[in-house]
Structures are given as C-alpha cells and as structure tokens.
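Have the viewer open and follow along.

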Amino acid sequence: MQTFNIEKEIKNKLEENGALVTYFDERPSNSNFAKGIIRLKRGVYQKKIDRYYDQILKNLEKVKFDFLFVNRGEVITAGFLQKFKKQQPQCEMIFFTWDSFTNHAHPTTILKYFDKRFTFDLEDAEKYQIGFRPLFYLDPYKEIRGKNTGSFDFDLLFLGTAHSDRYLISSRIKEWCSKNNLKMFTYYYMHSKAVFLFQKIFDKSFKKFDYKKLSFKSLKTAEIITLYKNSKVILDINHPGQKGLTMRTFEAIGAGKKMITTNAEIKKYPFYSPKIFHVIDRNAIHLSKEFFAEDAPALSEEMYCRCSIEGWLSDLFLKSESNDWKTLMTQE
C-alpha cells in the first residue's frame, strides 16, 4: 500500500524496535497509470502482477524470515502466498487492512493463508471471524498535543482521497464556515487522472467536482504535520460503505485535536467524547460554532499509547488474533 507514505513510517518504527525489515510494495508500479488500471481493470495487469511476485520469491530464496506482514492486500496473489509459505515454513504470516471488504473484496480470498488476520472494521471482523484492531497515529503527532492554544491559520482542515460524496459534503461545510467567519483548508488527493475521468463519467457525486482542486501528489507526513499544527479542528468524511475509523481520526487523537466526523460508529469507541468528536449526518449537516471555541480535553496516557503506531504494532505482532479491541467497545 502507498497511502501518504505511511508504509515507510511503519518500516521505520519496526526498525527502531530492532527488526530487520525487507520491504516490497504490493504493486508492481506506483505510477498513476498502474494505480488506476489495478483499481479499474485488474485483469489487464495480472500478468505483470504475477511476474512481479515471482521475482520477489526469487529474490528471497536465500533469506529466512520470522514474519510476513501484508498490509491491505489489494494486489497480492494467492499463488504468491502459497509459494511463500512453502519457501518459508517457519514464518508467521500476518494480515491487516484499513479498507472495508465491501470496497475491496480481493483480500477475502486470501485470508485463509494467514496465521493472524486483523481489520479496522468491526463489522468485517465479526462477519469473517478475524481480529479487530483500529488504526493509529504516528510519533510526530505527539509533538502537536499540548500546543493547541492560541491562534491558527485554519479553523477546520480536511485532507483525504477524493471519493464518493466527500467533495459535496466538504463544500457544504466550507460554505458554512465562510458564513460563520471560519477559515477552512481542503486537500483532495486522486490516484490518477484516469481514475478521475472514470469517476466523472460513472459517479454522479463527481459531476460537480472542480478538477482544479484535485492533487495527484500524496502528502508527506511532514506536510500533514504542518497543516495539523496550523489547524484547530479536523474534518473526517468516511466512505459511505466504510464503518472503520479513518487514519485522520487517530491523527487527531495523537495531536490532541477536536474532530467533526460523519462516522457515527465513533460513539462505540472507548476514547469517544462529545467534547472531542462532533458527529454529523452526511445527509443533514448541522454544525455548531461553539464546538470550535474550546480546546479538546485530554485522554488518558494509556489510551494515547494504545492509539499510537507502537501500540498498533504491539497488538499485531505480539498478541493473538483473539486478543483484540472488541472488549473495549460499547454497543449502542
């Protein structure tokens, strides 16, 4: 996976904790064309995918591994996993995804090859009988927490991949901000121009999307950190078919920021507080200027730790699949 360079941050954190890491992107190429064609018509690219994974197996013939960690699993093949297991019988195979299976069904075909399987989506965890583990924030967000007083360049910040109704919702919210003398910054990322053109044709929510507001360059962590430092509240718009909490949610927690979110599932999580999270209905948006007035109250240090990348890696590598977050959740 290649989302805002998070894969490099995961690799670095594993190495900080003493691991020797060999990293391969699960895509043969990260060109905009490759990303687009894999998402839209994978079969056209399958031969190149197979050759890519055969080459990985050849490169690893003389190396022994303790773990194989697959993140997301949008592209990796069943054939590769079968051959890898024969080549590395001592290796514990771990799977994690931060996509709902309704959005990307391919991972459901390869779950059986892993020793431990985790998802950030509680419903998927229960449906497929696998572990549930929410996402995390990176270490640099800790530097922001405790420094959220004073003036900010932006009252509200939205960063995210352009999909579904995000543009429509964020545009309505931006209009509300303007009427209430609040400044909002938006950054819409798109994998490729080909994907945008496809969405423009087949997705009615993209009909009104202003092409000039799109970016085909993913933000680096340092760039995101700067934007968070200069923003008072974070806006989160989850995919309509996705109930798992986004990375933005945990970045807001790590940075000690308040958040406006369309994901009502957040009310089930142990860190939820209406003083930190304002939940809105994507079909009937109601906002309050008072929510911007006060700073977010602090969570317990234990909860901050559990929501960090270190806490996430600890759960995946050191705990069993059954020792997950389900017991911490509240049912409404």
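## A sheet and a helix pair

Tyr188 in E6 is the bridge partner of Gly160. This is a predicted model, where local features need pLDDT of at least 70 and side-chain atom pairs count only at pLDDT 80 or more, while totals for chains, interfaces and linings use all residues. Residues are numbered from 1 along each chain as its sequence is written, and side-chain values use heavy atoms, with hydrogens and water left out. Helices (H or I, at least four residues) and strands (E, at least two) are DSSP runs, numbered from the N terminus.

Let's start with the sheet. It is open, has six strands in the order E7-E6-E5-E8-E9-E10, and pairs in parallel; two strands pair if DSSP finds at least two bridges between them. E7 and E10 (277–279) are the edge strands, each pairing on one side only.

| Strands | Bridges | One partner pair |
|---|---|---|
| E5 (residues 154–161) and E6 | six bridges | Gly160 and Tyr188 |
| E8 (residues 231–236) and E9 (residues 258–261) | four bridges | Leu235 and Ile260 |

How many residues of strand E6 (residues 184–189) are buried? Five of the six are, so E6 is largely enclosed by the rest of the structure. Buried means under 20% relative accessible area with a 1.4 Å probe, protein chains only.

E5, H6 (residues 166–179) and E6 form a right-handed β-α-β unit: with the strands pointing away from the viewer, the path from the first strand over the helix to the second runs clockwise. H8 (residues 221–229) lies across E5, E6 and E8, at about 150° to E5. Such angles run from 0 to 180 degrees between N-to-C directions, with axes as lines fitted to C-alpha atoms, for helices over the stretch in contact.

Elsewhere, H1 (residues 6–16) packs on H11 (residues 309–318) at about 75°, their axes 11 Å apart. That makes the two helices roughly perpendicular (65 to 115 degrees). On the H1 side, the contact (heavy atoms within 4.5 Å) uses Glu9, Ile10, Lys13 and Leu14, and H11 brings Ile309, Glu310, Trp312, Leu313 and Phe317.

H11 is mostly covered, with seven of its 10 residues buried, among them Gly311, Asp315 and Leu316. Besides H1, the cover includes E1 (67–71), E2 (92–97), E3 (116–119) and H10 (301–306).

Definitions and conventions. Buried < 20%, exposed > 50% of the residue type's maximum accessible area, 1.4 Å probe, protein only. Parallel < 35°, antiparallel > 145°, perpendicular 65-115°, else oblique.
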